[in-house]
Amino acid sequence: MSEHVFDPPERCVAGSVGPPGGRTFFLQATDGNRMMTVSLEKEQVRLLGESLVELLDDVAGDDGAEAAAATFTDNAPLDAPFEDDFRVQRLSVAWEAGRRKVVLEAYDRPDAEDLADLPGETEESDLPWSGLPPQSLKVVLEPARARAFALRCASSLDGGRPSCPFCGQPLDPTGHICPRANGYRR
């Protein structure tokens, strides 16, 4: 496995590129001349930010509070180029108690249990990573930087399409077919 470790990174941010409805979400970690960019789904960014907030609230105390994160706020745009090193299939968030650090890990493929749950008779050669060595990104952050990263995750979701007030799904400029309205266009 090709594991890319940033312990600690100079910069770790989540962000998006593109117009609302066509944005691509990225996570970037940099350290000196090294930069790793991975692409994620919008929902993965949202869940990553929320999971970090829950974890920090549970274990980090004042070290992971919003006030402590203020010095690590990073509102600068993502670094170019916007080519992903891999597309994230699986994320994990953990607390390393001995070092009092948060560990984020992103993998380019699901775990074996998730592969077994794929519908039908999926052949290994049909999967997008077939023939490539597994890759992962590991980022180790102190609690205040992890909180700042979580806040950046939340802010990167802003600016997208407005949500339907009934079902919460994104509205296209022409509306959308709302499941809460029995399939009628809203």
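Strand β3, residues 24-31, is largely enclosed by the rest of the structure, because 6 of its 8 residues are buried. Burial here means under 20% relative accessible area. The model is predicted. Across the whole chain of 186 residues, buried residues make up 35%.

Strand β2 covers residues 11-17 and runs antiparallel to β3, with 7 bridges joining the two. Within this pair, A14 stands opposite L27 of β3. The β2-β3 hairpin has 6 residues between its strands. In that hairpin, G18 takes a positive phi near 115°. Strand β4 covers residues 34-40 and also pairs with β3 in the antiparallel sense, over 7 bridges. The β3-β4 hairpin has 2 residues between the strands, and G32 takes a positive phi near 65°. In a regular strand, side chains alternate between the two faces of the sheet.

These strands belong to a chain with 4 helices and 8 strands. From the N terminus, the elements follow the order β-β-β-β-α-α-β-β-β-α-β-α. Contacts between residues 24 or more positions apart account for 62% of those with a separation of 6 or more.

The largest nonpolar core has 28 residues. L27, L104, L137 and F149 have the most contacts inside this core. Strands β2, β3 and β4 each supply at least two of the core residues. So do β7 (101-107) and β8 (135-141), along with helices α1 (42-59) and α4 (143-157).

L104 illustrates the packing in more detail. Leaving aside neighbours within four places in sequence, L104 is in contact with L48, L52, S92, V93, L137, K138, V139, L141 and F149.

The largest pocket holds about 160 Å³ of space. Its lining comprises 12 residues, of which G21, R23, F25, K42 and R161 are the closest to its centre. By class, the lining has 3 nonpolar, 4 polar and 5 charged residues. F25, one of the residues closest to the centre of the pocket, lies within the range of β3 (residues 24-31).

How values were computed: Residues are numbered from 1 along each chain as its sequence is written. This is a predicted model: local features need pLDDT of at least 70, side-chain atom pairs count only at pLDDT 80 or more; totals for chains, interfaces and linings use all residues. Side-chain values use heavy atoms; hydrogens and water are left out. Buried means under 20% relative accessible area, exposed over 50%, partly exposed in between (1.4 Å probe, protein chains only). Two strands pair if DSSP finds at least two bridges between them. A nonpolar core is a set of buried Ala, Val, Leu, Ile, Met, Phe, Trp, Tyr and Cys residues joined through side-chain atoms within 4.5 Å. Contact means heavy atoms within 4.5 Å. On a 1 Å grid over the protein atoms alone, a cavity is a set of points where a 1.4 Å probe fits but cannot get out, and a pocket is an open set with protein on both sides within 12 Å along at least five of seven lines; lining residues have an atom within 4 Å of a point. Grid points are joined across faces, edges and corners, and a volume is the space filled by probe spheres set on the points. Ala, Val, Leu, Ile, Met, Phe, Trp, Tyr, Cys and Pro count as nonpolar, Asp, Glu, Lys and Arg as charged, and the others, Gly among them, as polar.
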